[in-house]
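Good morning, and thank you for making time for this presentation. Please look at the sequence and the structure as they come up.

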Amino acid sequence: MDDLTDVYNELIMEHSMNSYNKKKLEKADYSEIGHNPNCGDEITLELKLNGDIIEDMAFSGHGCAISQASTSIMIDTLKGKTMEEAKEIIKTFIAMIKREITDEEELQKLEDAIAFKNVSHMPARVKCALLAWHTIEDILNQKEKEKENGK
Amino acid sequence: MNVEEIKKDFPILQNRNIAYLDSGATTQKPLQVIKAVEEFYENYNANPHRGAYSLSMEATEKYEDTRTKIANFINAKHREEIIFSKNATESLNLIAYSYGVDKLEKDDEIVISIMEHHSNLVPWQKVAKQTKSKLNYMYINDEFEISDEEIESKITDKTKIVGITHVSNVLGTINNVKKIIKYAHKKGAVAIVDASQSIPHMKIDVQDLDCDFLVFSGHKMLAPLGIGVLYGKKEILNKMTPFLMGGDMIEYVYEQETTFAPLPNKFEAGTQNVEGVIGLGAAIDYIESLGYDNIQKLEEKVVSYAINELSKLDYLTLYLTPNKENHSGVISFNIKGVHPHDVASILDSEGVCVRSRKPLCATTYEIFRY
Ligand SMILES: Cc1ncc(COP(=O)(O)O)c(C=O)c1O
């Protein structure tokens with residue numbers, strides 16, 4: 001019960017209902033669909049880069065409160081970061097949800113996304129919390145490959 | 001019938017503080033079933049059909065006796081019309097491969113309802129692709145039922161296979177399977193009934209239904225996981241080729257050729273789930289000791305109470321037929337503005353186990369989007 005009230009907290013509810021990040025970007029460099037076949041959640045993430053910096057992000061789609069809020073808060077957290085910084089934050093978030101990192105200090109870099117910590121005690125909801133993070137990971141990996149291929 | 005007494009038969013309800021409302025996914029198991037499995041391992045375990053020693057013979061006897069019990073339970077004409085499988089899904093795949101793929105030709109039609117479980121849908125997509133036949137759907141009306149007109153317009157002279165779930169796991173609708181079977185036969189098609197959600201709640205009589213195939217899973221009717229049944233009319237099963245190849249399903253094996261065992265062994269390749277079979281036998285005994293009449297009386301009480309109370313909540317939408325006689329024990333609902341997954345988590349925190357799902361199948365299940 002405690003885990004649950006912690007998870008459905010004000011911040012998360014706010015982001016899940018009417019997120020200002022739920023929109024279309026004027027000119028996105030990348031657009032990727034994230035899909036969770038178990039519960040039917042589907043989001044489209046858009047990303048705009050400025051050199052190495054994530055200049056803007058937005059999402060559309062539908063899903064449960066946890067996946068929607070996680071997407072929106074992720075966008076807040078990663079906007080303005082370099083790709084390297086973003087990768088580190090993504091890695092930390094995933095490790096937090098999988099309970100591989102529990103040290104509060106180490107988790108500070110997640111900013112508001114630390115609000116999802118208790119999802120790590122709710123195995124049925126782990127996929128919901130990670131959907132957007134895996135999707136952005138795919139985009140960044142794709143970008144990296146393009147770089148390697150000298151594009 | 002005393003509910004509190006019945007509850008005592010289910011150890012998990014003593015051990016966990018839960019309201020388990022997800023029996024449609026899998027039922028909890030009574031002690032009688034758990035004990036029967038234990039007793040088998042403590043006294044009879046051997047590989048049936050394979051040993052010439054008495055232990056193996058006894059294991060064979062227990063296994064085969066249960067086949068007879070199941071045949072009687074669903075009123076099959078012959079005991080060899082009962083084939084053991086892993087679950088309803090495997091039974092349906094057996095029909096799809098050993099009947100569907102073999103018998104269907106280009107432009108033939110397969111007709112199923114839009115409320116089928118994926119196990120009675122995805123295999124038919126595969127059959128349709130492979131044989132170049134067509135997969136057509138019977139849709140539901142705004143009472144969540146399949147109308148007579150829908151049945152008669154979708155099942156045509158080209159239809160060779162009709163698949164229908166007896167009770168919908170999503171809507172709780174009890175389909176008029178007798179009418180569908182009769183109409184399928186009139187058009188020269190075979191009819192498959194998915195009894196997974198009906199057999200725990202109502203008497204199944206395959207001769208009265210006159211279905212050609214009927215499938216169900218043991219685990220949804222108090223039996224262990226991993227045991228399922230395929231019923232098929234003997235004359236049809238006899239003409240079908242085996243589904244899986246291997247030990248136990250053969251008669252003579254030469255280097256390049258094999259002749260197959262007669263029914264039912266022809267369709268039971270490899271060492272079978274004997275503990276599951278024994279457990280299924282015990283589950284049938286348990287259901288019969290309660291009696292379908294009593295089960296139904298109790299269900300009727302619980303279900304109408306639940307519907308009545310849920311109807312009072314204005315933030316909740318119910319999806320069920322208004323025709324009470326066509327509705328079984330599944331109650332589907334949405335909470336306005338809240339995703340089902342979140343609802344399930346919140347109920348879980350109160351010890352209430354419910355099923356949450358996405359809209360399962362494009363057309364019918366659009367309604368479940370909030
Ligand atoms: C109507 C219906 N058919 C088939 C199945 C598949 O059962 P199993 O997964 O045991 O094969 C289910 C399970 O939910 C069902 O509800």
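I shall speak about two interfaces, one inside a chain and one between chains. Please keep in mind that this is a predicted model.

Let me begin within chain B. To the contact, domain 1 of chain B brings 36 residues and domain 2 of chain B brings 34 residues.

How much area do the two domains of chain B bury between them? The value is about 3000 Å², with 56% of it on carbon and sulfur atoms. Between these domains there are 22 residue pairs in polar contact, counting pairs with both residues at pLDDT 80 or more, and zero salt bridges.

On the domain 1 side of chain B, helix 12 (292-311) and helix 14 (362-365) each supply at least two of the touching residues. Helix 12 of chain B gives the most, with four residues. By class, that side of domain 1 of chain B has 16 nonpolar, 15 polar and five charged residues.

I now turn to the two chains. Chain A contributes 17 residues to the contact and chain B contributes 10 residues. They bury about 1000 Å², and carbon and sulfur atoms give 53% of that area.

Which residues form the salt bridge here? B:D342 pairs with A:R125, and their closest N and O atoms are 2.9 Å apart. The count between chain A and chain B is one salt bridge. On the side of chain A that touches chain B, there are 11 nonpolar, four polar and two charged residues.

Thank you for your attention.

Notes
Residues numbered from 1 in each chain as written. Chains lettered and ligands numbered in written order. Predicted model: local features only at pLDDT ≥ 70, side-chain atom pairs only at ≥ 80, totals over all residues. Heavy atoms only, no water. Contact = heavy atoms within 4.5 Å. Buried area = accessible area lost by both parts, 1.4 Å probe. Salt bridge = Lys/Arg side-chain N within 4 Å of Asp/Glu carboxyl O. Polar contact = N/O pair within 3.5 Å; in protein donor to acceptor, adjacent residues only side chain to side chain. Nonpolar A, V, L, I, M, F, W, Y, C, P; charged D, E, K, R; others polar.
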